[in-house]
Amino acid sequence: MELKTLKTLEYDKILNKICEFAVNDDAKERIKHLEPMTEFASVQRLLDETDSAVVMILKYGSLQIGRIKNIDSSIKRLGAGGTLSMGELINIAAIFTASDRLKTYYSDRQTALDEYFKNLFPQRQLAEKISASIISEEEVADGASPALFSIRRKMRSASEKVKDGLNNIIHSEHYRKFLQDAIITVRNNRYVVPLKAEHKGEINGIVHDMSASGGTLFIEPATVVSANNEIHELVAKEQREIERILAELSAEAAEKIDELQESFENIISIDVIFAKAGYSLSIKGVCPVLSDRGIMNIKRGRHPLIDPQTVVPQDITLGDKFDALIVTGPNTGGKTVVLKTVGLFCLMAQTGICVPADDETVIPVFSEIFADIGDEQSIEQSLSTFSAHMKNIVHILNNLTPDSLVLFDELGAGTDPTEGAALATAIIDYVRKMGAKVVATTHYSELKLHALTADRIENASCEFDVDTLSPTYRLLIGVPGKSNAFAISKRLGLPDYIIEKSREQLSKESVRFEDVLTGIEKERQTAEKARYEQMRLSGEAQRLKKEIENERRKLESEKDKIISRAKEKAAKIIENAQEETEELVEQIKAAQKERDEKEAQKVMEQVRRELGLKLKKTKRTPKNQPRQKSNVNANTLKPGATVLIMDLNDKGNVISINKKEETAVIQVGIMKITSKISNLVMLPENDTKELMRFAPKHKESLGAKEVRTEIDLRGMMLEDALIETDRFIDDCVMAGLSSCTIIHGKGTGTLRTGIQNMLRKNQRVKSYRSGRYGEGENGVTIVELK
């Protein structure tokens with residue numbers, strides 16, 4: 001691509017913005033020199049790499065690359081067998097550490113970035129050794145070697161010895177009056193004290209320096225000379241040991257020079273790719289679909305250098321039904337922005353940068369992009385605006401290829417309108433004949449007419465609102481731009497007679513053409529309003545559908561909650577009923593033990609009544625159920641009659657009648673119950689239908705029935721057998737039985753084991769055993785009840 005085109009389309013500004021997302025200076029420098037690729041496969045690879053990086057950032061978070069420096073000089077020194085500085089070794093450790101971190105981040109994922117991440121070579125052992133040995137660019141750690149540790153320990157000891165000797169001097173009453181200050185300082189790397197010049201002979205030692213005024217001598221007392229000499233010797237040893245350590249680390253790094261170079265290059269490449277991905281995310285860019293047939297279809301494209309809050313999205317097509325697009329419209333109406341958007345999108349895509357547009361945007365790959373945009377007047381070359389433009393156009397036509405894109409701004413402007421329009425028409429036809437794609441802006445009506453009559457040329461216009469006298473910046477493809485000079489002039493106050501006089505100067509063809517454009521514009525506006533209304537209604541329908549769906553989900557959720565609460569309440573009722581039943585059974589047993597039959601009967605009657613009341617509370621009779629009424633009195637009720645006890649919903653036979661108290665004793669199974677006569681309903685003998693007529697349809701009989709002393713569970717599943725056994729034991733306990741028999745059969749022993757496990761935990765069971773010979777042996781279990 002020509003440098004002039006890149007600059008005209010402000011490609012360099014895009015690269016500068018991408019640099020802001022790079023971490024390392026080498027990556028930023030490489031980004032500044034990125035150039036669009038022209039091979040289809042290469043462009044696809046670049047886009048795939050950027051798209052993979054975008055996906056990884058969104059899925060796994062931002063990549064922590066780490067700062068590293070250029071290693072060119074370090075590589076040369078290592079190749080020559082030289083020793084690296086502390087800073088260079090720290091940088092090498094940082095490269096290997098970054099390689100390790102990046103490989104961990106990438107893991108075993110399969111993406112277009114495999115080549116870069118798989119060619120990172122972490123040298124963890126060497127990196128850790130360098131980091132442990134070198135603290136900073138100016139300091140080696142004490143633990144870098146045993147020898148260095150020993151030297152520095154001796155240096156600290158010697159320094160303390162010197163300081164102790166000098167402290168004795170500066171704190172001495174005798175010497176204090178000779179000192180300028182009671183401090184210890186350093187001159188020529190030796191510890192000294194500041195002595196007043198007039199007391200030079202008072203302290204025996206070596207003078208290392210003198211103040212600027214000459215009033216202070218910095219003297220090394222003779223008592224510490226030996227210790228200072230020792231320190232100097234140790235410093236020299238320390239330096240030699242440091243150099244040895246650096247040489248050793250450099251030699252180890254030289255053994256990994258290939259891995260070092262490869263890792264560095266790939267880290268920088270990864271930095272560049274993820275910088276492009278970061279920029280793409282910042283502009284809400286998409287990876288465009290590449291076309292190898294020269295087709296462009298930009299969907300809601302937004303120029304990346306215009307404020308996102310003000311930029312107007314554009315839909316731009318080219319190369320499918322037409323190869324040339326003629327854009328007309330008012331000045332500052334957005335025509336040049338359209339040109340730059342087209343050109344810049346192609347440059348970005350061919351560099352592997354996502355474009356700020358909607359999904360399914362299609363971009364072709366061009367071998368060259370030419371742009372003649374802006375005022376090219378050159379004062380130094382004494383060229384007019386037209387001449388400068390024409391010189392540029394000549395260069396474009398001479399270098400044109402079939403797979404080029406040409407962008408003309410105000411083609412043919414700056415000269416006689418008739419000649420300019422003719423030139424513009426001929427230039428566009430030549431570019432099309434060469435097979436290149438062209439987008440041109442113009443004010444010439446001749447070009448609009450040419451686009452209406454020629455093949456594969458399409459008109460487009462930048463919309464202008466005459467009412468507000470301002471452009472909307474919307475590109476309308478297929479609609480030639482209408483001249484708004486008269487309308488604008490009228491709104492700005494130009495007298496009507498001047499405007500009418502101007503109209504008379506136009507040719508009939510021009511007037512008819514403008515009238516056609518006016519009609520087209522009105523039809524377009526009407527159709528667009530209808531489309532917007534349809535979109536609004538569709539959106540409203542979608543919104544209502546979504547609200548209804550949300551309400552349905554809420555109702556389903558609420559229904560589930562109600563059912564769940566009902567189940568919890570039912571479980572609580574059952575639990576309470578079980579507890580109360582056990583308590584009442586205990587009362588019955590206690591009364592039976594006292595052998596007070598009358599009292600036991602009263603207790604059982606009370607139990608029956610309470611259970612009946614509980615049942616009424618938990619299972620209410622439907623509102624449409626007919627209310628039960630007694631059909632007997634003390635005179636009509638006879639002993640032996642079959643009656644229904646209404647509050648218990650159970651039947652029995654009358655044993656005796658107390659007319660005075662209007663009560664009767666009823667035999668219900670093995671129990672005798674005293675009930676008010678008004679609570680009784682006379683039933684025909686053996687007529688169960690009559691009983692059902694008075695009973696609520698949804699209730700089950702709660703009354704006592706003839707209790708069996710054995711139950712046969714053979715053929716049942718274990719879970720059903722356990723339920724039946726529990727119910728059977730309840731009946732036996734309520735009937736006051738002391739023992740019962742459970743028949744489960746021999747079989748595999750599953751029923752026997754499960755039932756006996758249940759009996760072991762049942763509080764109402766005193767003991768149990770398997771049947772003996774003649775009782776059924778292991779096929780039955782004999783239960784003793786409490």
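1. Basis. The model is predicted: local features require pLDDT of at least 70 and side-chain atom pairs count only at pLDDT 80 or more, whereas totals for chains, interfaces and linings use all residues. Residues are numbered from 1 along each chain as its sequence is written, and side-chain values use heavy atoms, with hydrogens and water left out.

2. Overall make-up. The protein has 23 helices and 25 strands, these being DSSP runs numbered from the N terminus (helices H or I, at least four residues; strands E, at least two). Of its 786 residues, 41% are buried (under 20% relative accessible area, with exposed meaning over 50% and partly exposed in between; 1.4 Å probe, protein chains only). Of the contacts (heavy atoms within 4.5 Å) between residues at least 6 apart in sequence, 67% link residues at least 24 apart.

3. The sheet. Four strands form an open sheet in the order β3-β4-β6-β5, with antiparallel pairing; two strands pair if DSSP finds at least two bridges between them. β3 (185–187) and β5 (205–210) are the edge strands, each pairing on one side only. From one strand to the next, the twist averages 50°. Five bridges connect β5 to β6 (residues 216–221) in the antiparallel sense, and Val207 has Ile219 of β6 as its bridge partner.

4. Helices on the sheet. Helix α9 (residues 146–170) lies across β4 (190–196) and β6 and runs at about 10° to β4. Helix α11 (residues 225–255) also packs on the sheet, where it touches β4, β5 and β6, and its direction makes about 145° with that of β4. Angles run from 0 to 180 degrees between N-to-C directions, and axes are lines fitted to C-alpha atoms, for helices over the stretch in contact.

5. Ser159. Which helix holds Ser159? Ser159 is placed in α9 and is buried, with a relative accessible area of 14%. Apart from neighbours within four places in sequence, Ser159 contacts Tyr191 and Ile231.

6. The α14–α15 pair. Helices α14 (residues 385–398) and α15 (residues 417–433) pack at an angle of about 15°, their axes 12 Å apart. The two are therefore roughly parallel (angles under 35 degrees; over 145 is roughly antiparallel, 65 to 115 roughly perpendicular, the rest oblique). Phe386, Met390, Ile393 and Leu397 of α14 make the contact with Leu423, Ile427, Tyr430 and Val431 of α15.
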